[in-house]
Amino acid sequence: MDMTSKVSKARILTHPITCSTKLGFDLSASHRRHLLHIFFRPAFITVSLTQSPCKNWIRRFVAMDSSGTDSAKELHVGLDPTIEEEYATQSKLLKEFINIPSIDKAWIFNSDSGPQAMFALSQANLLANKRKKFMLSGHISKESNQSVNFHWAPFPIEMTGASAFVPSPSGLKLLVIRNPENESPTKFEIWNSSQLEKEFHIPQKVHGSVYVDGWFEGISWNSDETCVAYVAEEPSLPKPTFDHLGYYKKGNSLDKDIGSWKGQGDWEEEWGEAYAGKRQPALFAINVDSGEVKPIKGIPRSISVGQVVWSPKNNGSAQYLVFAGWLGDKRKFGIKYCYNRPCAVYAIKFKSDETKDDADEFPIQNLTKSISSGFSPRFSKDGKFLLFLSAKSAVDSGAHWATETLHRIDWPSDGKLPESTSIVDVTQVVNCPDDGCFPGLYVTGLLSDPWLSDGHSFMLSTYWRSCRVILSVNLQSSEVSLVSPSDSDYSWSVLALDGDNIVAVSSSPVSVPEIKYGKKVLDSAGKPSWKWSNIQSPIRCSEKVMSGLSSLQFKILKVPISDVSEGLAEGAKKPIEAIYVSSSMSKENGKCNPLIAVLHGGPHSVSPCSFSKGLAYLSSIGYSLLIINYRGSLGFGEDALQSLPGKVGSQDVKDCLSAIDHAIEMGLADPSRITVLGGSHGGFLTTHLIGQAPDKFVAAAARNPVCNIASMVGISDIPDWCFFEAYGDQTHYTESPTPEDLSRFHKMSPIAHISKVKTPTLFLLGTQDLRVPISNGFQYVRALKEKGVEVKVLVFPNDNHPLDRPQTDYESFLNIAVWFNKYCKL
Ligand SMILES: CC(=O)N[C@@H](C)C(=O)N[C@@H](C)C(=O)O
């Protein structure tokens, strides 16, 4: 196709005067910039019009080309009518899926009329490109026939603008925190059952936004509900100031001043992806009566704090703030998804009345000195134990996520902490789990109050092979019991406890999240189990979604691995799992639907057997899915997980091919219509597969893929990941890779197989990605274009690694569907 003559014709038209004359209306400067941008981007085969703020005028412009021809086709900026029709049809159904709310959190309150549940839900707001948050409450009634009902309030209440809601321990107060979007103060509101009691505005010179990120986040009421401890960005460090002539002004100030300007000051390390521009997390406490905020003194700046809780208040004994701390003195590596960052549980004495500046000399105490990782501290109800999670396997091995363990410290009743604490192991790493047995813990966090009434058993959610399950763990006996139904292939998460009963959410790839109520029952030997009831769902899906999902089914396949070698650890020789989703009608005509192999990232992550809007939409339009949990995934024991580092790009690629071949052999997939989709390390596998198995895939889609580790290592926030996954140990890491390192990285990367690729591939790239910077995808795209392989690229200028903002998520899945439809002739 001859692009040059068409592009030069377009160039003449982009002259602003010619433009407005020809179009009969004036183009604003930004429209002109956009037009130029489109015409001078010959590197792009297609430009995403749905992303464009001025798509209508582009269409108008295209229609009014002076040649009088259908310039949409010629200029390649418009869409051909068939494709437009396809976008229009697909977008209608996709929107219905994207609209499905998520159930994020729940709390249970005891009222005079019985327990009351409050749920935090959220829903994509496409126009605002944000998630709309809302609350729904329901009264829990236990009927005489043992069944349980939730009587929902007639409507949810919108909570947009609220960054966190934290009920007090008695349930009589609710703290709502509103983080500012600019340099304004952070708002703290204290509500009672009927009205706003207090509102405080905390200015930026005290602290910045409160951390509500699920990692550093910690917002904790003290037991008498007078004070809340929390983690927020420390105030801005002073910056050098220059006057209007450019002279340096002595005596830095934080305030803006007309007639002067601020310099940049010294660069400070940040915690990488998702934390760009975020200042150091620091500890504060607010008096909820007076609004007075105290920064907690005595914590070195080298420690980034998070997850704060209060120690029990025993008569007259000292009260401590107990929190997790990550060391970031030398170099801060990216922390998101990276449990391998050394951390510890610390305690610091809380002094409510700090009249003089008398922070003790060394008031901060590391409670978990003897192990490399401690986080998520929780005190037992009776205050006798401090429980915490550890990712020591990840820290000690170098894997960004690995099997976790639970530990306990006995808390002194007199509040006097000994010099060194003794740590009791509650759970162990499981290397090679027996069939059907506990594979170890893979937990993302703990409930703020996870305790059962016996005071030493608690509930958590964890990955167990391809499912998420609910477990109870006994802190004294170390007994671990499965609480969610043992015969369920759905994924389950505990949301809140109603005494010893459980409010949970459960879903599968083909069923939207539903609320379940688990009632504790005792067997004849006094052993507890939970009897589960369905709760009428507060989520109502559209007819189209329900009918799309109704014909779908799924099963978890066991796939034998292809390379059982001597050197492999026992747990790495076992079959992997792949979740197969298909329409029950697909085999009626004897023909399989086209298949999408779905590959998760990490690589030490997992695709759980749970509902995903994007994937459910793809299956409801006629694709079967094969969601592959290759060796290295979480939930299968430590041997399988640790068998991958050092072999990325080969062992994981073989596992994916084994799973696809297994599906073909079982008659579940048509070998002539297989596609592949993955993000990040899943994008690494996607691009590896189209290079190593070039005849297997009719189309591919890669989201922020790792295409070349040799170029990623110099610019990613996790250069240590590149070394660890390529060598399989931590000893090779350096800030200055050698030519041998770079050569190894190149050999293990998809770019090394570029010459064999012929699969048409869609790339979805986020400009703000610090984990796998966009240049990684671009290099691979340009290399494919150089070879004449068909590519399509969508760039999301304001997105980072997960590509999960509502419009991005929507546009990504819309384009994945249209791209795959084109090559699968759907
Ligand atoms: C540790 C990590 O972030 N690795 C990336 C290469 C990756 O694959 N990320 C995962 C978590 C993802 O799904 O984005």
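A backbone N or O atom of Gly-602 lies 2.6 Å from a ligand oxygen. For Arg-771, a polar side-chain atom is 2.9 Å from an oxygen of the ligand, and for His-801 the distance from a side-chain N or O atom to a ligand oxygen is 3.0 Å. Taken alone, the ligand exposes 370 Å², of which the protein buries 89%; these accessible areas come from the Shrake-Rupley method with a 1.4 Å probe.

A sheet comes next. Strands of a sheet pair through backbone hydrogen bonds, either parallel or antiparallel. In this model, four strands form an open, antiparallel sheet in the order S17-S18-S19-S20. Strands are DSSP runs (E, at least two residues), numbered from the N terminus, and two of them pair if DSSP finds at least two bridges between them. Strands S17 (303–310) and S20 (364–366) stand at the edges with a single partner strand each, so one side of each has no neighbour in the sheet. From one strand to the next, the twist averages 30 degrees, with axes fitted to C-alpha atoms and angles running from 0 to 180 degrees between N-to-C directions.

Strand S19 (residues 343–349) is joined to S20 by three bridges, and Ala-347 has Gln-365 as its bridge partner in S20. Asn-366 also belongs to S20. Its side chain reaches the backbone nitrogen of Thr-368 at 2.8 Å and that of Lys-369 at 3.3 Å.

Salt bridges (a side-chain nitrogen of Lys or Arg within 4 Å of a carboxyl oxygen of Asp or Glu) number 29. One of them joins Asp-498 and Lys-142 at 3.3 Å, N to O. This pair links distant parts of the chain, 356 residues apart: Asp-498 in strand S28 (residues 491–498) and Lys-142 in strand S3 (residues 130–142).

Residues are numbered from 1 along each chain as its sequence is written, and side-chain values use heavy atoms, leaving out hydrogens and water. In this predicted model, local features need pLDDT of at least 70 and side-chain atom pairs count only at pLDDT 80 or more, while totals for chains, interfaces and linings use all residues.

Definitions and conventions:
Polar contact = N/O pair within 3.5 Å; in protein donor to acceptor, adjacent residues only side chain to side chain.
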